Amino acid sequence: MTVLTHDRYCDEIAHQVGELRTVVTSGADLAATVPTCPDWTLEQLVRHMGGALRWVDALVRTRARENVPDERIPLLGGPEGEGDPAALDAWLAQSGELVVGALREAGPDTKVWSWAGVPDSGFWARRMTHEITVHRADAALAAGLSYEVAPDVAADAVDEWLQLVRWVQRNEPHAAARELLVAGRTLQLHATDAPAEPGAVPDATALSPAGEWGRVIELTEQGVEWRPGHGETTVALRGPLTRVLLAFYGRLPLDSPGLEVLGEREVLEFWLEKATFG
């Protein structure tokens, strides 16, 4: 399972910022509730995302060895006043430029504090790529706009989420994630529109053609494990890769058009309930 290059992550952050800006300036109601993040309005979601970009910019630009408190980050919360899409758009654009510039200048190997055991700037390039990729989906859903993501980014978002869940299982006192420390349950993700990576394990069940992208996920008492390919599992989630990604992140219901659940649905629902943390 190949991690994307640092430049690819930086390019994708810039692209996703541009796509999120398109939502902001689309005429969408900034006061509308975000269905997938119901505690936020669309504007609050955008401010959260732009603030996260500025926080990472501060971490990387200063080569921080510990967390940077909010009060030390200029314009963390966004422009003054609410309901002004032009001001919000300009602030978001600057937020993206700052973090992408800091990440490009640092490269992937600069030592920087992180919360997940990977203390370098490469961690933050990857994390911000997938943070904005998923939150841009939240924004698009709130605005009623279409959403797609490049296959390499979607596949890497799945792998990164699995790595974060495993890290939390092993290192944090997170009750829900620790409830996943059980054996004997396996899940398969299968994209019907994306090619398999080199070295993926061929299908063992005729459920999923070996030439299509897949992940086999195993719950163990030591933490979640996974591999590329297909195999016999307790439950499988099939569909276009973008929709599989969004369902795996809890952004689409499992019965959404284009998705299919095969096997013991309750195992997948158990995963979705427990594999979440803030």
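Arg-63 counts as partly exposed at 28% relative accessibility, where buried means under 20% relative accessible area, exposed over 50% and partly exposed in between (1.4 Å probe, protein chains only). The model is predicted: local features need pLDDT of at least 70, side-chain atom pairs count only at pLDDT 80 or more, and totals for chains, interfaces and linings use all residues. Residues are numbered from 1 along each chain as its sequence is written, and side-chain values use heavy atoms, with hydrogens and water left out.

**Salt bridges**

The structure holds 20 salt bridges, each a side-chain nitrogen of Lys or Arg within 4 Å of a carboxyl oxygen of Asp or Glu. Three of them are listed here.

| Pair | N to O distance |
|---|---|
| Asp-89 and Arg-21 | 2.6 Å |
| Arg-63 and Glu-105 | 2.8 Å |
| Arg-238 and Glu-260 | 2.8 Å |

Asp-89 lies in helix α3 (residues 85-106) and Arg-21 in helix α1 (residues 6-24), so this pair ties together parts that are 68 residues apart in sequence. Helices (H or I, at least four residues) and strands (E, at least two) are DSSP runs, numbered from the N terminus. Asp-89 is buried at 13% relative accessibility, whereas Arg-21 is partly exposed at 31%. Arg-63 forms a salt bridge with Glu-105, and the latter is exposed, with a relative accessible area of 56%.

**Strand β6**

Arg-238 belongs to strand β6 and Glu-260 to strand β7, 22 residues apart. Arg-238 is buried at 19%, while Glu-260 is partly exposed at 35%. In strand β6 (residues 235-239), five of five residues are buried. Two strands pair if DSSP finds at least two bridges between them. Strand β3 (residues 185-195) runs parallel to β6 over five bridges, with Ala-191 opposite Gly-239. Strand β7 (residues 260-263) pairs with β6 in the antiparallel sense over four bridges, and Val-235 stands opposite Gly-263.

The largest nonpolar core has 84 residues, of which Leu-42, Leu-53, Trp-124 and Trp-271 touch the most other members. Such a core is a set of buried Ala, Val, Leu, Ile, Met, Phe, Trp, Tyr and Cys residues joined through side-chain atoms within 4.5 Å. Helix α2 (residues 42-61) gives the most to this core, with 11 residues.

Helix α4 (residues 121-143) has 23 residues. Of these, 20 are buried, so α4 is largely enclosed by the rest of the structure. Just after α4, Gly-144 takes a positive phi of about 70°.

Methods:
The expected span of a helix is 1.5 Å times one less than its number of residues.
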